[in-house]
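Me: I would like to go through this model with you, starting with the annotated positions and then moving to the chain contacts. Here it is.

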Amino acid sequence: MLKECLENVRMKSPLVHNITNYVTVNDVANILLACGASPIMADDRNDVEDITAICGGLNINIGTLNQNTVPSMLLAGKKANELGHQVLLDPVGAGAGTFRTETALNLMREVRFDVIRGNISEIKTLARGFGRTKGVDADAADAVTEDNLSGAVTFVREMAAGLGCIIAVTGAIDLVSDGNSTYVIRNGRPEMGQITGTGCQLSGLMTAYLTANPDNRLEAAAASVCAMGLAGEIGWSHLESYEGNATYRNRIIDAIYRLDGDTLEKGARYEIRQ
Amino acid sequence: MLKECLENVRMKSPLVHNITNYVTVNDVANILLACGASPIMADDRNDVEDITAICGGLNINIGTLNQNTVPSMLLAGKKANELGHQVLLDPVGAGAGTFRTETALNLMREVRFDVIRGNISEIKTLARGFGRTKGVDADAADAVTEDNLSGAVTFVREMAAGLGCIIAVTGAIDLVSDGNSTYVIRNGRPEMGQITGTGCQLSGLMTAYLTANPDNRLEAAAASVCAMGLAGEIGWSHLESYEGNATYRNRIIDAIYRLDGDTLEKGARYEIRQ
Amino acid sequence: MLKECLENVRMKSPLVHNITNYVTVNDVANILLACGASPIMADDRNDVEDITAICGGLNINIGTLNQNTVPSMLLAGKKANELGHQVLLDPVGAGAGTFRTETALNLMREVRFDVIRGNISEIKTLARGFGRTKGVDADAADAVTEDNLSGAVTFVREMAAGLGCIIAVTGAIDLVSDGNSTYVIRNGRPEMGQITGTGCQLSGLMTAYLTANPDNRLEAAAASVCAMGLAGEIGWSHLESYEGNATYRNRIIDAIYRLDGDTLEKGARYEIRQ
């Protein structure tokens, strides 16, 4: 049950280490606090192993990667693997430039990720980089829609099975698969794309959900996607006609802060495809 | 028409590469999304050329420059020049320290800027650095006021003509000149100065406006200044008596999100001096 | 009087140099503007001495320290000492990892701090690092409560006396001591801990208060703690039932923006122990 996933986060208050971009880092920290988790940010190579060691989950986001932080991501990822922590990769901008693509692929070779979360374009880039070209262009277009949904589900499920980790593709329709079952999630609003960092925030949230639900990771990942989308719906309902994306940003985090398990259970709109 | 400038941004949704400071970067990203543009942030030397190549405009802001990002600014600027992109310089803190001043001047020598936007003190520093001392001290005081307006207009116009780029000086009265015509703009509120980053946000906005209006750059730059000032007026009108600069910050971005061409046309307060 | 401390900040508008983390830097800048001060952020070794030289106070926060910024902290701290500026250390995460702990201790050896502000766990780590183990474990638990208050006051007072600087320990009950007198402050709300960076913001605010009240530093430090806590109380009173930590963050900065000396004087809840 999604409700239980949410409640475990509030009860266990998992500590999440974030190596993330400086654009949206404040919102990532606040959404982690909003859901009941605790964030720590550290990205220096001298610091990341110690910090990750005291956490339960690690969120690696390459949104403003640089020469100093890439080695830190590798060190932290390996240490987190050693300790059996939940590790998430958010390959921001993979496909937009060689450095980002290569870094994401290299991280995937060196670190065992529990979940990779990105938009369809980023995930397709990673699939291609791993030689998983089947389905990339034919079945998964640049946006997942009702029309191409069946092909997209197959693509995501096969990629998850091939890589042995959860793949979460977020967009108008969200897909979360562990290679067997695939959650098809229809929460959220298009205006969420007009806020910087809703994807980064979801990656933080998802890491917290996995960390608090290590034995139920697929459902935990799906629950975090439903929670984020539902918060987008609730947040929008409180906007005044003169308010825009800046206030909306706060309203979404506020909605995560107030969200309880029953509301999540009732508001989640998803189906599970096998 | 200013209206057309705004509508071109919404229609073309220009992609803007920002190498900017970590203090105000989130607000810069959100204001770019609010106006209809798309932001990308990237500042590593291995990343910036690829990223700038997929964009239409480049916004360079030296607010928290460092040894790693200065070379990235040069690389990105040169690549953007090669590709004919719109390039803006925001020389934050030029004059406050040697590293900032020298970096700004060096960028001006190595990169062809379409527009330089700063406060009067920063712009005077750059003028001096280029040996354009005439008018710097005599005519342009530390703030542009109705009393020294005529001298300030001459200073800005001559600097723009000498450098062959648009100069935008923002403050209580804003001046935007291409060396021929000079917009004198009186939108905005003094309380905007009590928010961190309204200048940085304007630089992002201005880059988007230029990128979407490459054949009408002076008017586009002026339109972005009017839009920002007008958003400051609209945002203030929605503040409760207990709200302050943090909420005001959001209200301004919200107002940019809601702003349409007619409202801009009607609310803009400017004159053009030849 | 606390009132006078606040009014001096508004009147003198001190310029504060911040070398701080990229998680909460925007809020630190906005709270400094809210209280009437002016923030400058600079963290490159080529930049920090020039920037600190034009300021009156320096706020060093190690929240996202790295190999490049640690030398900058040392350079800026020494220059600020030379110039007689107010210097604050916020040892974020000291005790959570060797790099943070060692950096904080090294800064304390190389730079003369006017005030060190942290939570009880960070301050205890620094006390241990300086061989001041007496009282660390016995008297000061992981949270200052009414039950262990007397021991905690002794610990903080003796540490302040030993180091010759003001020690500010913030939590449910805040303690501010110069080694003689100790302010015991009971403003604030527990929900402030669900916002990222209220501690960082207080460090910025405290630096501004000290800079504007150099001859009355203990009271200035205490006044900033009361102001922050009171802003937390006022901000909470304006929250709607659907609002959470993101909006609360803005409301606190807004409350600092609107706070006047009389309200502070009336709302401050403290006692002074000798």
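Me: What does A:Met41 touch, leaving aside residues up to four places away in sequence?

Reply: This is a predicted model. In it, A:Met41 touches A:Asn18, A:Val25, A:Val28 and A:Ala29, and from chain C it touches C:Val23, C:Gly63, C:Thr64 and C:Arg100.

Me: Where does A:Met41 lie in chain A?

Reply: A:Met41 lies in strand β2, which covers residues 38-41.

Me: Is A:Met41 buried or exposed?

Reply: A:Met41 has a relative accessible area of 6%, so it counts as buried, the limit being under 20%.

Me: Which residues does the "binding site" annotation cover?

Reply: The UniProt annotation, from an unreviewed entry, covers A:Met41 and A:Gly197.

Me: And where is A:Gly197 found?

Reply: A:Gly197 is found in the loop between β8 (182-185) and α8 (198-212) of chain A. A:Gly197 is also buried, with a relative accessible area of 10%.

Me: Changing topic: how many residues are in contact between chain A and chain C?

Reply: Chain A has 28 residues in contact with 31 residues of chain C. The area buried between these two chains is about 2,500 Å², and carbon and sulfur atoms give 45% of it.

Me: Which residues of chain A lose the most area to chain C?

Reply: They are A:Asn26, A:Tyr257 and A:Arg258, which together account for 21% of what the chain A side buries.

Me: How many salt bridges are there across that interface?

Reply: Two salt bridges are found between chain A and chain C. A:Arg251 forms a salt bridge with C:Glu243, where the closest N and O atoms are 3.2 Å apart.

Me: What about chain C and chain B, how much area do they bury between them?

Reply: Chain C and chain B bury about 2,500 Å², with 45% of it on carbon and sulfur atoms. C:Asn26, C:Tyr257 and C:Arg258 supply 21% of the area that chain C buries there, more than any other three residues.

Me: Which residue of chain B forms a salt bridge with C:Arg251?

Reply: The partner is B:Glu243, with the closest N and O atoms 3.2 Å apart. The count between chain C and chain B is two salt bridges, and 18 residue pairs are in polar contact across that interface.

Technical notes: Residues numbered from 1 in each chain as written. Chains lettered and ligands numbered in written order. Predicted model: local features only at pLDDT ≥ 70, side-chain atom pairs only at ≥ 80, totals over all residues. Heavy atoms only, no water. UniProt positions renumbered as here; feature names shortened; annotations may be inferred. Helix = DSSP H or I, 4+ residues; strand = E, 2+ residues; numbered from the N terminus. Buried < 20%, exposed > 50% of the residue type's maximum accessible area, 1.4 Å probe, protein only. Contact = heavy atoms within 4.5 Å. Buried area = accessible area lost by both parts, 1.4 Å probe. Salt bridge = Lys/Arg side-chain N within 4 Å of Asp/Glu carboxyl O. Polar contact = N/O pair within 3.5 Å; in protein donor to acceptor, adjacent residues only side chain to side chain.
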